[in-house]
Amino acid sequence: MKSLDNDAKMPSQIAKDAEIFQNHISNVLRQLREHELIECINPEVGKGRLYRLTDKGEKVSENL
């Protein structure tokens with residue numbers, strides 16, 4: 001979540017920033033979406049999706 005503090009990013013960028021293997025990032029992103037902490041801002045694209053924190057995610061991120 002800290003990776004998304006001030007910017008929307010693609011999963012590959014999030015994985016690199018968070019030092020998580022890229023093949024694990026989709027599970028992490030899915031869980032964060034289910035808890036309404038992040039959102040995809042361009043779900044219509046197949047590749048190059050961008051994710052950002054929701055208002056709820058920003059509040060949680062401030063406390064990390």
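## Salt bridges

A salt bridge is a side-chain nitrogen of Lys or Arg lying within 4 Å of a carboxyl oxygen of Asp or Glu. In this structure, which is a predicted model, a search of the whole structure finds four salt bridges. Three of them are described here, each with the exposure of its two partners.

Asp5 and Lys2 are joined through their side chains by a salt bridge, with 3.8 Å from N to O. Asp5 is partly exposed, at a relative accessible area of 31%, and Lys2 is also partly exposed, at 43%. Another salt bridge links the side chains of Asp17 and Lys9, with an N to O distance of 2.4 Å. Here Asp17 has 42% relative accessibility and counts as partly exposed. Lys9 has 15% relative accessibility, and it counts as buried because the limit for buried is under 20%.

Arg30 pairs with Glu34 in a salt bridge whose closest N and O atoms are 3.3 Å apart. Both residues belong to helix α2, and because they are four residues apart in that helix, about one helical turn separates them. Arg30 is partly exposed, with a relative accessible area of 34%. Glu34 reaches 53% relative accessibility, so it counts as exposed.

## Overall fold

The protein has three helices and two strands. Read from the N terminus, the order of the elements is α-α-β-β-α.

The C-alpha atoms fill a box of roughly 30 × 25 × 20 Å, taken along the principal axes. For 64 residues, a compact globule would have a radius of gyration near 11 Å, and the protein agrees with this because its own value is 11 Å. Buried residues make up 25% of the 64 residues. Among contacts with a separation of 6 or more, 38% are between residues 24 or more positions apart.

## Helices α1 and α2

Two packed helices are described by the distance between their axes and the angle between those axes. The axes of helix α1 (residues 11-18) and helix α2 come within 9 Å and cross at roughly 105 degrees. This angle makes α1 roughly perpendicular to α2.

Which residues in α1 and α2 meet? On the α1 side they are Pro11, Ser12, Ile14 and Ala15, and on the α2 side they are Gln22, Ile25 and Leu29. Sorted by class, this contact of α1 with α2 has five nonpolar residues, two polar residues and no charged residues.

Helix α2 spans residues 22-34 and includes Gln31. Gln31 is partly exposed, with a relative accessible area of 43%. Along the chain, Gln31 and Lys47 are 16 residues apart, and their C-alpha atoms are separated by 19 Å.

Ser61 is found in helix α3, which covers residues 55-62. Is Ser61 buried or exposed? At 2% relative accessibility, Ser61 counts as buried. Leaving out residues up to four places away in sequence, Ser61 touches Met1, Lys2, Asp5 and Leu53. Two residues in that list, Lys2 and Asp5, are the partners in the salt bridge with an N to O distance of 3.8 Å.

How values were computed: Residues numbered from 1 in each chain as written. Predicted model: local features only at pLDDT ≥ 70, side-chain atom pairs only at ≥ 80, totals over all residues. Heavy atoms only, no water. Buried < 20%, exposed > 50% of the residue type's maximum accessible area, 1.4 Å probe, protein only. Axes fitted to C-alpha atoms, helices over the stretch in contact; angles between N-to-C directions. Parallel < 35°, antiparallel > 145°, perpendicular 65-115°, else oblique. Contact = heavy atoms within 4.5 Å. Nonpolar A, V, L, I, M, F, W, Y, C, P; charged D, E, K, R; others polar. Rg over C-alpha atoms; globule rule 2.2 N^0.38 Å.
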